[in-house]
Amino acid sequence: KLMKNSRDGWKKARQSAVVWHRQQKELRLKQAEQEAQAVINNLDLNPEVLDLALAMLSLGEGAKKNTSSLASSDPKILKFVLVVLKKNYSISKNMVRCELHLRADQNANKAKSYWSKELGIPINNFKGSYHDQRTAGRKTYDHYKGVCVLYFGPIAIQRKLISLYNLFCEKVSLLDNYKDD
């Protein structure tokens, strides 16, 4: 009876701990969102800030040689890119070309239709799709729609973005106060 009571007590304690940890996580997420909102509220979304944000995205998701392009599986990121291209470079959605990188079991026509509708880019602007055969035999999650690559404008945009992120990273690295550590 003592062992059973002990096991039951531990089970109840674990269940209570799960509830408590979830509540604490919700509080931390809410705090993070409030802090982020404060940053956003203080931002002036001028062309320079938009270019810098695009350059930093390009650092992680953009082509590094011979083409102005950026890829993502997140429509929100690509919508941001399209807005900056329009505002800062007068590049409309009709001028953007797209390519899809899909898993082996994904239907290219359905993916093109999804990305065309999601981004507001004419379906005729989707030029190719590539299927990753390394994923053959493994089912794709329903929410995953592949990677969409946007090709936009002259190479001068890519060169500017690369220079901008390099110069920005160098400038920030000069702020290093940890040289004595």
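Where is the place of Asn 66? Asn 66 sits in the loop between α2 and β1, where helices (H or I, at least four residues) and strands (E, at least two) are DSSP runs numbered from the N terminus. The structure is a predicted model, in which local features need pLDDT of at least 70 and side-chain atom pairs count only at pLDDT 80 or more, while totals for chains, interfaces and linings use all residues. Residues are numbered from 1 along each chain as its sequence is written, and side-chain values use heavy atoms, with hydrogens and water left out.

Four strands form an open sheet in the order β1-β4-β2-β3, with mixed pairing; two strands pair if DSSP finds at least two bridges between them. From one strand to the next the twist averages 15°. β1 and β4 pair in the antiparallel sense over four bridges, and in this pair Ser 72 stands opposite Cys 148 in β4. β2 and β4 also pair in the antiparallel sense, over five bridges. Here Leu 100 is placed opposite Cys 148 in β4, and His 101 opposite Val 147 in β4. In a regular strand the side chains alternate between the two faces of the sheet.

Helix α4 lies across β1, β2, β3 and β4 and runs at about 130° to β2. Axes are lines fitted to C-alpha atoms, for helices over the stretch in contact, and angles run from 0 to 180 degrees between N-to-C directions.

The largest nonpolar core has 29 residues, of which Cys 148 and Leu 150 touch the most other members. A nonpolar core is a set of buried Ala, Val, Leu, Ile, Met, Phe, Trp, Tyr and Cys residues joined through side-chain atoms within 4.5 Å. Two or more residues each are given to this core by α2 (47-61), α3 (75-89), β2 (97-103), α4 (108-119), β4 (147-151) and α5 (155-173). The most come from α3, with six residues. Residues up to four places away in sequence aside, Cys 148 touches Leu 70, Ala 71, Ser 72, Leu 78, Cys 98, Glu 99, Leu 100, Trp 115, Leu 119 and Phe 126, contact meaning heavy atoms within 4.5 Å.

Helices α2 and α5 pack at an angle of about 95°, and their axes are 8 Å apart. That makes α2 roughly perpendicular to α5; angles under 35 degrees count as roughly parallel, over 145 as roughly antiparallel, 65 to 115 as roughly perpendicular and the rest as oblique. On the α2 side the contact consists of Asp 51, Leu 52, Leu 54, Ala 55, Met 56, Ser 58 and Leu 59, which meet Lys 160, Leu 161, Leu 164, Tyr 165, Phe 168 and Cys 169 in α5. The residues of this contact divide into ten nonpolar, one polar and two charged. In this division Ala, Val, Leu, Ile, Met, Phe, Trp, Tyr, Cys and Pro count as nonpolar, Asp, Glu, Lys and Arg as charged, and the others, Gly among them, as polar.

Gln 158 also lies in helix α5. Gln 158 is buried, at a relative accessible area of 5%; buried means under 20% relative accessible area, exposed over 50% and partly exposed in between (1.4 Å probe, protein chains only). Apart from its neighbours within four places in sequence, Gln 158 contacts Ala 63, Lys 64, Lys 65, Asn 66, Thr 67 and Ser 68. Ser 69, in strand β1, is likewise buried, with a relative accessible area of 9%. With residues up to four places away in sequence not counted, Ser 69 touches Gly 62, Ala 63, Val 149, Leu 150, Tyr 151 and Phe 152.

Most residues other than glycine have a negative phi. Asn 66, although not a glycine, has a positive phi of about 60°, and this residue is exposed, with a relative accessible area of 71%. Ser 90, in the loop between α3 and β2, also has a positive phi, near 55°. Ser 90 counts as exposed at 62% relative accessibility. Asn 124 is placed in the loop between α4 and β3 and is exposed at 62% relative accessibility. The C-alpha atoms of Asn 124 and Arg 159 are separated by 27 Å, and the two residues are 35 residues apart along the chain.
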